[in-house]
There are 2 protein chains.
Amino acid sequence: MTTIPYKTYLSEAELPQAYYNVRADMKTDHRPLLHPETLQPVTVADLEPIFCRELAKQELNATDRFIPIPDEILQFYRMYRPSPLVRAYCLERELDTPAEIYYKYEGGNTSGSHKLNTAIAQAYYAKEQGLKGVTTETGAGQWGSALAMACAYFGLDLKVFMVRCSIEQKPYRKVLMETYGATVLPSPSNTTIAGRSFLADDPDSSGSLGMAISEAIEVSLADPNYRYTLGSVLNQVLLHQSIIGLETKAALDQLAVEADILIGCAGGGSNLGGLMAGFIGDKLKGGRGPHIIAVEPASCPTLTRGKFSYDYCDTGKVTPLAMMYTLGSGFVPAAGHAGGLRYHGMSPIISQLYHDGYIEEARSYGQKDVFAAAIRFARCEGLLPAPESAHAIKAAIDEAEKCKENGEKKVIVFGLTGMGSFDLSAYAAYNADLLENTGLEESSLRSSLAKLPVV
Amino acid sequence: MTTIPYKTYLSEAELPQAYYNVRADMKTDHRPLLHPETLQPVTVADLEPIFCRELAKQELNATDRFIPIPDEILQFYRMYRPSPLVRAYCLERELDTPAEIYYKYEGGNTSGSHKLNTAIAQAYYAKEQGLKGVTTETGAGQWGSALAMACAYFGLDLKVFMVRCSIEQKPYRKVLMETYGATVLPSPSNTTIAGRSFLADDPDSSGSLGMAISEAIEVSLADPNYRYTLGSVLNQVLLHQSIIGLETKAALDQLAVEADILIGCAGGGSNLGGLMAGFIGDKLKGGRGPHIIAVEPASCPTLTRGKFSYDYCDTGKVTPLAMMYTLGSGFVPAAGHAGGLRYHGMSPIISQLYHDGYIEEARSYGQKDVFAAAIRFARCEGLLPAPESAHAIKAAIDEAEKCKENGEKKVIVFGLTGMGSFDLSAYAAYNADLLENTGLEESSLRSSLAKLPVV
């Protein structure tokens, strides 16, 4: 009889009361965001037309290690957090591995992913500022759904630009957002100047997060009662998502278990950035910590094949420039199914930590292999993961199998960011053997990187 | 500061170790199942060609109050149970009611509903008997999905007959089952004698649970390595679902809270039968207990407008006859959206307890009102419910508003059986104002009841 339960829940009283700001501990801060016109470091005043005031401050805050979580946000968190840390006993048995495998499960809420953690924070600060509503973009639809729930809770209006190919793959994501009261437009759309220009270049464009961002920002700038919100990449988002890693570390501490390997899928970096929050501080101070692995799709391999360089965060080049790993802001990934991992860039914080070796490893997988891992996991652990999350599952299985070969009893912890109920068209394609391990051709990568801005 | 958390989780060590068999406490047992040919009470031997041995025994067991839960089942339960008992603080605030509202949430697993509780038990007993596989029918798809997960876990083959109109409303339910390895056929199908006969009567039949049952039984009887399984109505199902009510009562006891009103949606009765398990024993022994309300759709009002009579459990009349509230085994409900509540009959146990007044009340609602309640709930509590579950939400809201009018601080507990991620085509119809509060015409009810068998 083991003493470690299948699921470890912290009590609501043990919910973290403050977000952790990793920048306060970073030896080398990421290079500053640059204004797209002046190329000077942006100020809070520069950001205020785009983000609401408090979030603009959080975005540039490099010094406060902890930011208290407002009571109104904590109240909402109590409806679905702390999320469980699950010991994957059945997967361990299936793999016959000496490794211990744990996952932090963020898919138990209606939006189906970790995105709700920052959605409710961003909606709260917008409400507090007296705004009427917000705009955003969404890829896979997880972020849009989460923000729709958050806006419904606080009574805010919401306009979502959803990447066109994702709408087609996930029609019910759109219905979900609309059920919570949001307006959803396919991007590129003909309702914005940016959208019309993308459509002029390619009337059949399947869209990209970079394009949708340009459209959402344009709409928010046109009305002073609106601001723009973003579900990943930003420092503010990693700040809010730190609750994932703080909970994970607290739960492991309660179990007296130490992680050897920490695995997160990485699109814009919000999940990995959140998950590492409980562990990275010690490493930055020279202490020990888990070997951290970022996992991305072979079709959008930002860390593994991108360039560490200044680049725009959107395709329309209206956002500040960030120093990050990037495939180029004009990069349009193949219309693969892991919609949430299709962003051309990577969180500046994650990029800097990877560059400096605190995130030790990045790897990429083809989607066919990722779905195979997802189904193997689903059939023994019950839970059907989102394709994004399945990237981390694939890496966890690979690490556990390495442990079996080497007879090592490592502790593997991964982030299971979301559930796959809205991804069944992709599973249907896999079941019908229609998916390929699509990669990225060297020539198209080179041509995209050749267009990086010179700063 | 309140001392009652938003969510109460029992520990895994507090998982019930035995199912509760209410029949051991019933003053008047339900009248026996009758063999469809001899009209004599059925025996275990009669049931063994249909159900696996252990389940046939459980079906007829009227004496053992507790049936130990096998370790293999408990292991699976630990992956997703105990499920949370949630205090609906945000809904209380929204309604401005003095009532306390709690719900037992069963939608947190991938199948999205409470059906997994009995699916894993039925799959286990089939596996233990050395069978190759099982057959079943599914309406809304919750049961089929749950059984597909359970069969994948134990390596059993599964054939599912899915009500045709549900496949059309919920295409992704089919993909989900297939992803877990099941074969899914629309019912009525032309692969069975029963199916061909239903199609001869009506080539455009939208199907019904009663028809799908006939098909699934026919297929299982044709192969001695298969047995039939059913997700509701049966005594064995209520037995397995008792884990819901036992957990609910234990959690309320930990909070020192006593339920005044207990609300469950009722299709075949498995949710309500499970939910009441922690409460009904005391009532049957003359003690006190909550006022119990069964909620059903106006389009399929079995308890509220059906007849307490012997009837077949399926449309093809191959099953035993049960003494139950019924609309007639030939009844085909309007192709409404609450697919899981469209069964013509009602659990014999629930029927008897309702007849004897231990379940005090049944009421029905039109689906438009039910969806309005669902969305009101979703926007404040975050969670988007399945339409079936929303029937209970509607009743809970009505009761809480009554409390407000009367200034009563009652404790309302309801079962939130499932999540609505697979019901978004129905939500889309509601959003587009396409739903009506469809009822059931007196004339069609009368003509259906006129065909009840004379026993």
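Helices (H or I, at least four residues) and strands (E, at least two) are DSSP runs, numbered from the N terminus. Keep that in mind for the names I use.

What we have here is a predicted model, in which local features need pLDDT of at least 70, side-chain atom pairs count only at pLDDT 80 or more, and totals for chains, interfaces and linings use all residues. Residues are numbered from 1 along each chain as its sequence is written, chains are lettered from A and ligands numbered from 1 in the order in which they are written, and side-chain values use heavy atoms, with hydrogens and water left out.

Now, the two chains. The same surface serves both copies, since 100% of the contact residues of chain A recur in chain B.

How many residues are in contact? It is 43 of chain A with 43 of chain B, where contact means heavy atoms within 4.5 Å. The chains bury about 3700 Å² between them, 59% of it on carbon and sulfur atoms. Buried area is the accessible area (1.4 Å probe) that two parts lose on being put together, summed over both.

There are two salt bridges between chain A and chain B. The term means a side-chain nitrogen of Lys or Arg within 4 Å of a carboxyl oxygen of Asp or Glu. Lys7(B) forms one with Glu12(A), and their closest N and O atoms are 2.9 Å apart.

Next, the largest pocket. A pocket is an open set of points on a 1 Å grid over the protein atoms alone, where a 1.4 Å probe fits, with protein on both sides within 12 Å along at least five of seven lines; lining residues have an atom within 4 Å of a point. The volume is about 720 Å³. Of its 29 lining residues, those closest to the centre include Glu12(A) and Lys7(B). α3(A) gives the largest share, three residues.

Last, some backbone details. The peptide bond from Arg81(A) to Pro82(A) is cis, with omega near -15°. Pro82(A) sits in the loop between α3 and β4 (85–87) of chain A. Val233(A) has phi near 70°, a positive value in a residue other than glycine. Its loop lies between β9 (226–228) and α11 (235–255) of chain A.

Technical notes
Grid points are joined across faces, edges and corners, and a volume is the space filled by probe spheres set on the points.
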